[in-house]
Each structure stands twice: as C-alpha cells, then as structure tokens.
Amino acid sequence: MDFRRNLIWYLFLAPAVIMLLMFMALPLIQSLELAFFEWNGLRPREYVALENFEDLFDDRFFWGALRHTLIFAVFSTVGTVGIGLLLAMAISRRVRGAALYRFIFYLPVMLPMAVTAALWVRMYEQNFGMLNVMLRSIGLAHLEGTWIASRETALGSVIAVAVWQFSGFPMIILLAGIESIPEDLHEAASLDGINEAQRIRYLTLPLIRPVLISISVLQFIFSLKVFDLVWVMTLGGPAESTSVLGTFLYKEAFRKQEYGYASAVAVVMFAVIFTVTYVYQRLMRVEAVEF
Amino acid sequence: MIPERKTIASILRRAPGILVAVLLIFWAIVQLYPILYMFMTSVKTDKQILNAPFALPDPLKLENYILVWQGDRVAQPFSTFFLNSSIITLGSLAILLFVAGLAGYSLARGRFPGNAATQQGFLLTLAVPVHVLIIPMYFFMGDLGLRNSHIGMMLVYATLGLPFTIILMRAYFLSFPRELEESALLDGCSRFGAFIRVVAPVSRGAIASMAIINISWIWSELLFALVLLDQQGVRTLPLAVAGYRPASMTSESVLGQQFAIMSLTALPLFVFYFLFQQQIRKGMTAGALR
C-alpha cells in the first residue's frame with residue numbers, strides 16, 4: 001500500500017535515475033573494468049591484471065602529464081583567485097563605474113573555451129601575434145617571446161590564458177561575499193579609527209575566509225579537469241611540455257587506440273578528482289538531507 | 001602655502017583610490033582588448049590584419065562572415081555547425097529541464113524510502129570527472145547507434161547537467177507553496193497533471209534560471225563532441241573552431257575567416273550575457289557547487 005502511494009514519486013524520479021545509470025554509472029564501471037585489460041578496440045580484449053598500472057607508473061610521459069596538471073591547477077587557481085580577490089576588493093570600494101567593471105570582468109568567462117584558446121593562439125603568434133606586436137611597438141622588443149611555441153614558456157603561457165579567462169568567476173563570488181558583510185561592522189571599524197589596510201586585514205579577509213577557501217577548492221578541482229584550452233592551443237606540445245592528464249588520456253585512447261592503458265589513466269584521474277571533491281563536499285557539509 | 005599643502009595632503013589621502021582606479025582600468029583593458037580585437041579582425045581583410053593590426057577596419061567588410069556562413073574554403077558551411085549547435089543545445093536543455101524538474105519535485109515533496117539515499121547518490125555523481133566516461137561512452141554510444149547523432153549528444157549533455165540541476169530544483173521546490181498543487185489535485189488532476197499544468201508554469205522563473213546556468217557550458221562543450229561526433233555534417237561550433245588550424249599566420253589567406261568563425265561562436269553567448277547578466281552572475285554563484 002505504501003509503495004503504491006509512493007509509486008508516482010518513483011516514476012517522477014525514474015527518468016533521471018535511468019539516465020544517470022546509463023550515461024554515468026555504467027561508463028564509469030566499464031572504465032574501471034577496462035583498465036585491467038589490453039584492448040585496441042578491434043581484437044578481443046585481453047586480461048592483463050595490473051600491467052597497465054605498472055606500465056603507467058613507469059611512463060615518464062604520464063608523470064609529466066600529472067606534473068603539468070598539478071602545476072596548471074595550482075598556478076591557475078592562485079592566479080584567478082588572487083586577481084579575483086583584488087578586483088572584488090577594488091570594486092567593493094564603490095568606485096565609479098562599478099557595474100561596468102563587473103560586466104567587463106565577467107565577459108571572458110562567457111567565451112567558449114575553444115574560442116579563447118583559438119584566439120590566444122593568434123595573440124601568441126611570433127611574428128604577427130598581437131602580444132609580440134604590442135611589445136615591439138612600445139619599445140619592449142627584448143621581452144618578445146615564442147610563448148606557446150617553445151617548451152620553456154608553453155605551459156606558463158597556457159596558464160596565463162586560463163587566468164585571463166576565469167578571474168572574473170572568483171571575483172563575482174568573492175564580491176558577493178564582501179557585500180554580505182553587514183554595514184554596521186564597517187561603521188564600527190571606522191569609528192574605532194581603523195585605516196583601510198587594517199580594515200582589510202582584520203575585518204574583510206577574516207569574514208570572507210570561508211568563501212575564499214571554497215572558491216579556491218572549486219577552482220582547483222575545475223582546473224584539474226583542464227582539456228579544451230590545452231587541446232586547442234598546443235595539443236599537449238611542443239614536445240609534450242603542456243601535456244595534461246586530460247589530453248594524455250585522449251591521445252592514448254583516440255590517437256594510439258590503447259583503450260586499456262588510457263582507462264588506467266582515467267582511473268587515476270578519477271581517484272584524484274573524486275577524492276578531492278568528496279573531501280571538499282564533506283568539509284563544506286553540502287546539505288543534501290533535511291528531513 | 002597653506003592651499004598647496006592641502007592639495008598634497010589630499011592627493012596622499014586619495015592615493016589608494018587612484019591606485020585602485022588604475023588597477024581596474026588596466027585590468028579592464030587586458031580583459032576587453034583581445035575580445036575587441038577578435039571582433040575587429042573578423043571584419044578586416046587579411047592584408048589589413050597583417051599590416052595594420054591596430055587600425056580600425058576600413059572599409060568594414062562582412063565578406064568573411066558571408067564566406068564562412070556559406071562554406072567557402074572551409075569544408076562545411078558554417079551554417080551547418082551553427083544549426084547543429086543550436087539544435088543540440090536547445091534539445092539538451094529541454095530534456096534536462098523536464099527530467100530535472102520532475103526529479104527535483106519528487107525529492108522535495110515525496111516522503112518515500114530511498115529519498116535521502118538518492119540525494120546522496122546525486123551528490124556523489126557531482127564528483128565524477130567526465131573524462132573518465134569518454135572511452136566506454138565512445139563504444140557503447142556506437143553500439144546504440146547514438147554516435148554522430150543529435151539525440152545521442154542531447155542525452156549525454158542532459159545527463160551531465162542533471163546532478164546539480166536536480167539539487168537546485170529540489171531546493172527551489174522545498175519553498176514552493178503546497179496550496180496550489182493541492183487545489184489542482186482536488187479538482188481531479190493527477191500528480192503529473194498538476195505538475196505540468198500548475199507547478200511548472202508557476203515555476204517558470206526558476207526553470208529559466210536553470211536554463212541560464214546550463215546553456216553556456218552546453219554551447220561550449222568540446223570533449224564529448226570531439227569523441228562522439230566524428231562526421232563533418234553533425235559537428236558543433238566548438239569543434240569547428242578547434243578544427244580550424246591552418247599552418248602559420250603568414251602562409252595563409254583565410255585569417256579573417258577564422259576570426260569570423262570565432263566571433264560567430266562567441267556571439268550568441270555574448271548577446272545572451274547582455275540580456276541576462278544579473279541572472280547569469282547570480283546563477284553562477286548558486287551553480288558554483290558544480
């Protein structure tokens with residue numbers, strides 16, 4: 001009887017659950033399974049136990065990709081959140097044109113990442129790209145670079161683009177945090193004769209600390225999943241110097257047809273990102289159940 | 001003497017303000033210039049692009065747009081990609097909003113065994129990086145005949161958007177007044193009928209904001225499109241942008257067209273941002289848990 005009364009709720013839930021099982025849970029399980037096989041997509045697959053993982057941990061290109069992913073994630077997080085914080089604090093001083101700045105700083109976030117990447121490939125081009133042209137025309141020709149075309153600067157150049165595109169995102173969130181600080185706290189502070197630096201140090205920063213931490217973690221998780229930017233800008237090159245886990249996985253699977261090996265990469269990615277996200281959800285106590 | 005000291009003092013007092021203004025203006029230029037450059041370059045001839053990169057387009061040429069739209073020099077007319085992207089984005093949104101609306105409503109209203117567990121499950125799926133899914137997806141979407149298919153893409157995108165859209169929809173329905181649906185039920189509506197005829201129309205604001213949160217990532221998605229759409233005729237805009245990769249800047253004569261493609265891909269989202277900027281920024285703050 002109880003079940004029949006609840007049947008309608010289960011039916012309402014059914015399409016969502018079926019879709020998630022079919023297009024998320026099922027491929028996830030198959031991916032975990034495939035990591036223990038060797039398979040080129042055509043011949044019958046062959047069970048190899050942990051061999052894929054052993055090979056993976058001996059593969060210096062895998063370690064390179066992992067290192068680049070972490071470097072990318074750390075620096076793009078520090079860059080976007082750092083600049084975002086600076087901008088949010090600047091705008092919150094009720095500067096003239098605050099609405100316009102807010103509008104402009106969020107604009108690049110709306111660009112499709114493939115467009116951002118293709119645009120910056122052009123900006124970074126050595127002879128006619130705007131960056132070098134500009135440096136030349138303001139007399140800083142000695143700063144001209146090869147940017148994404150050389151191994152030393154490629155990863156840094158890609159990170160710079162990520163910071164350029166996404167600093168508006170933490171800005172919006174931090175600004176909301178700063179603006180939610182009650183007005184009378186500021187008034188009390190100014191009555192106490194506190195100067196601006198002290199106010200930022202002892203009032204603003206401590207109060208937005210939770211928001212700051214959570215946006216940093218979110219940005220970090222988001223950056224660990226980088227693919228579009230690297231794929232369109234460099235394909236992981238030159239000489240694998242910008243290869244990240246996402247592009248490494250894609251190449252192993254769809255360029256080299258090493259589906260088992262690539263699945264092992266997927267498992268490692270899953271383990272890292274799932275753990276970080278899960279720990280974050282626990283710490284933030286994202287509420288799911290209310291009754 | 002006194003007036004001069006006053007001015008120096010007042011400049012010093014305003015120094016942080018000036019510094020802040022300089023910072024804001026500098027960063028605004030850094031953010032805006034590449035975007036303006038993209039649009040400006042898309043209406044220039046290749047000669048102008050290389051010889052006068054800073055100059056305003058003169059004369060303003062829409063030829064690049066016409067050429068890519070009709071498919072001259074690029075393998076497929078750009079209009080095809082544009083249509084594909086539009087169909088896939090709208091279809092994904094329709095499926096996503098309908099399915100997430102029903103599920104969110106069920107989780108908010110139904111007091112059935114398994115409710116809390118289902119919510120926990122949805123939260124867990126938020127933590128799954130989508131890259132992990134692409135290899136098995138490539139094969140079984142092929143088996144199902146859903147590779148190179150708009151329907152297949154819509155189902156995948158709708159699924160990827162489900163977990164956090166459901167969570168947000170549930171939060172919304174928790175505060176939805178029960179009286180409305182109860183009177184519909186008394187009038188003889190079924191639960192589903194009440195949802196479609198009463199609950200959904202009243203909630204169109206919330207549903208629209210869910211559409212706003214999801215539209216930009218679906219429009220821009222590259223990885224799944226790359227894996228699941230390998231035929232030219234079904235490809236989406238991000239693929240067209242990513243695939244447009246002529247050798248070097250000097251040896252080619254289709255620069256303006258590439259910028260036209262990039263501009264056309266970005267334009268719908270920009271128009272959308274102009275229209276709904278408040279809702280988008282608010283939605284992003286809420287959707288940040290994604």
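**From the chains to their contacts**

Tutor: Chain A contains 13 helices and two strands (DSSP runs numbered from the N terminus, with helices being H or I of at least four residues and strands E of at least two). The model is predicted: local features require pLDDT of at least 70 and side-chain atom pairs count only at pLDDT 80 or more, whereas totals for chains, interfaces and linings use all residues. Residues are numbered from 1 along each chain as its sequence is written, and chains are lettered from A, with ligands numbered from 1, in the order in which they are written.

Along its principal axes, the C-alpha atoms of chain A fill a box of roughly 75 × 75 × 30 Å. Of its 291 residues, 44% count as buried (20 or more other C-beta atoms within 10 Å of the residue's own; 12 or fewer is exposed, anything in between is partly exposed, and C-beta atoms are placed from the backbone). Contacts (C-beta atoms, placed from the backbone, within 7 Å) at a separation of at least 6 in sequence join residues at least 24 apart in 71% of cases in chain A.

Chain B has 13 helices and zero strands. Of its 290 residues, 41% are buried, and residues 24 or more positions apart account for 72% of its contacts with a separation of 6 or more.

Chain B contributes 70 residues and chain A 71 residues. On the side of chain B that touches chain A, the largest share, 13 residues, belongs to H1(B). By class, that side comprises 53 nonpolar, 15 polar and two charged residues (Ala, Val, Leu, Ile, Met, Phe, Trp, Tyr, Cys and Pro are nonpolar, Asp, Glu, Lys and Arg are charged, and the others, Gly among them, are polar).

On chain A, one residue may be followed across this contact. A:Leu28 is located in helix H1 (residues 2–34) of chain A. Leaving aside residues up to four places away in sequence, A:Leu28 touches B:Val128, B:Val132 and B:Leu133. A:Leu28 is buried, as 20 other C-beta atoms lie within 10 Å. Its C-alpha lies 14 Å from that of A:Ile18, a residue 10 positions away in sequence.

Chain B is divided into domain 1 (2–64) and domain 2 (76–287), bounds that come from an automatic or database domain assignment. The C-alpha centres of domain 1 and domain 2 of chain B are 36 Å apart. Their contact draws nine residues from domain 1 of chain B and eight from domain 2 of chain B. On the domain 1 side, helices H1 (2–41) and H2 (46–51) of chain B each supply at least two residues, and H1(B) has the largest share, three residues. That side divides into three nonpolar, four polar and two charged residues.

Within chain A, helix packing supplies a further contact. The axes of helix H2 (residues 51–58) and helix H13 (residues 259–284) of chain A come within 9 Å and cross at roughly 70° (axes are lines fitted to C-alpha atoms, for helices over the stretch in contact, with angles from 0 to 180 degrees between N-to-C directions). H2(A) and H13(A) are therefore roughly perpendicular (65 to 115 degrees; under 35 is roughly parallel, over 145 roughly antiparallel, and the rest oblique). A:Asn52, A:Phe53, A:Asp55 and A:Leu56 of H2(A) meet A:Gly260, A:Tyr261, A:Ala264 and A:Val265 of H13(A).

Some backbone details complete the account. Most residues other than glycine have a negative phi, and most peptide bonds are trans. The bond from A:Gly237 to A:Pro238, however, is cis, with omega near -10°; A:Pro238 lies in the loop between helix H11 (228–233) and helix H12 (245–254) of chain A. A:Ala239, also in the loop between H11 and H12 of chain A, has a positive phi near 50°. A:Ala239 is exposed, with 11 other C-beta atoms within 10 Å. In chain B, B:Asn148 has a positive phi of about 55° and is partly exposed, with 17 other C-beta atoms within 10 Å.

Methods
Two residues are in contact if their C-beta atoms, placed from the backbone, lie within 7 Å.
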